[in-house]
Amino acid sequence: MEQAAVDSEALEVWIDQDLCTGDGICAQYAPEVFELDIDGLAYVKGPDDELLQARGATTPVPLPLLTDVVDSARECPGDCIHVRRISDSVEIYGPDAE
Ligand code: SF4
C-alpha cells in the first residue's frame with residue numbers, strides 16, 4: 001500500500017531543447033540529472049549516468065535529487081524543464097504546471 005502511494009507520486013523530468021539557452025544552470029544544480037551536450041544544449045541523463053541525446057527524452061527523478069531538479073526548473077531561463085508525474089503525465093513543476 002505504502003509502496004503504491006510512493007510509486008504513484010514518482011516523477012520524471014524532460015527538457016524542451018527548442019527553448020534551451022545553453023546557460024548550464026541545470027547542470028550546475030543537478031549534474032547527476034542534467035548535462036550539456038556538444039551541441040551546447042542541456043539533456044537529461046539516464047539512471048546509468050548515460051546522456052540521453054534524444055530531444056525530449058525523459059528520465060526518472062531520484063527522490064534525493066528532487067529539490068535540485070525543482071530548483072533547476074524554477075531557475076531555468078528558457079522555462080524548458082518539465083517535471084511530471086509518471087503515473088498520469090501531469091506536470092507538477094515547470095512552465096505547464098498548474
Ligand atoms: S537551465 Fe534551462 S535553459 Fe539553461 S541549460 Fe538548463 S535546460 Fe537549458
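Val13 has Thr59 as its bridge partner in strand 4, and in strand 5 the residue bridged to Val13 is Val83. These contacts, like everything described here, come from a predicted model. Strand 1 and strand 4, which covers residues 58-60, pair in the antiparallel sense over three bridges, while the pairing of strand 1 with strand 5, residues 81-85, is likewise antiparallel and runs over five bridges.

Strand 1 itself spans residues 11-15 and is mostly covered, five of its five residues being buried. The cover extends to both faces of the strand, with Leu11, Val13 and Ile15 buried on one side and Glu12 and Trp14 buried on the other.

## The ligand and the cavity

Which residues are closest to the ligand? Of the 14 residues that surround the ligand, the closest are Cys20, Asp23, Gly24, Cys26 and Cys76. Sorted by class, this shell holds nine nonpolar residues, four polar ones and one charged residue.

The space that the ligand takes up is the largest cavity, and the count of cavities of 30 Å³ or more comes to one. Rolling a probe the size of a water molecule over the atoms shows where empty space is left. For the largest cavity, the volume is about 90 Å³.

The lining of the largest cavity is made up of 16 residues, and those nearest its centre are Cys20, Asp23, Cys26, Cys76 and Cys80. By class, the lining of this cavity consists of 11 nonpolar, four polar and one charged residues.

## Positive phi angles

Most residues other than glycine have a negative phi. Against that background, Asp79 has a phi near 50°, a positive value in a residue other than glycine. Asp79 is placed in the loop that runs between helix 3, residues 66-75, and strand 5.

The loop in which Ser89 is found lies between strand 5 and strand 6, residues 91-93. With a relative accessibility of 43%, Ser89 is counted as partly exposed.

Conventions:
Residues numbered from 1 in each chain as written. Predicted model: local features only at pLDDT ≥ 70, side-chain atom pairs only at ≥ 80, totals over all residues. Heavy atoms only, no water. Near = heavy atom within 4 Å. 1 Å grid on protein atoms, 1.4 Å probe; cavity = no way out; pocket = protein on both sides within 12 Å on 5 of 7 lines; lining within 4 Å. Sits in = over half its atoms within 2 Å of the grid points. Nonpolar A, V, L, I, M, F, W, Y, C, P; charged D, E, K, R; others polar. Points joined across faces, edges and corners; volume = space filled by probe spheres on them. Buried < 20%, exposed > 50% of the residue type's maximum accessible area, 1.4 Å probe, protein only. Helix = DSSP H or I, 4+ residues; strand = E, 2+ residues; numbered from the N terminus. Pairing = 2+ DSSP bridges.
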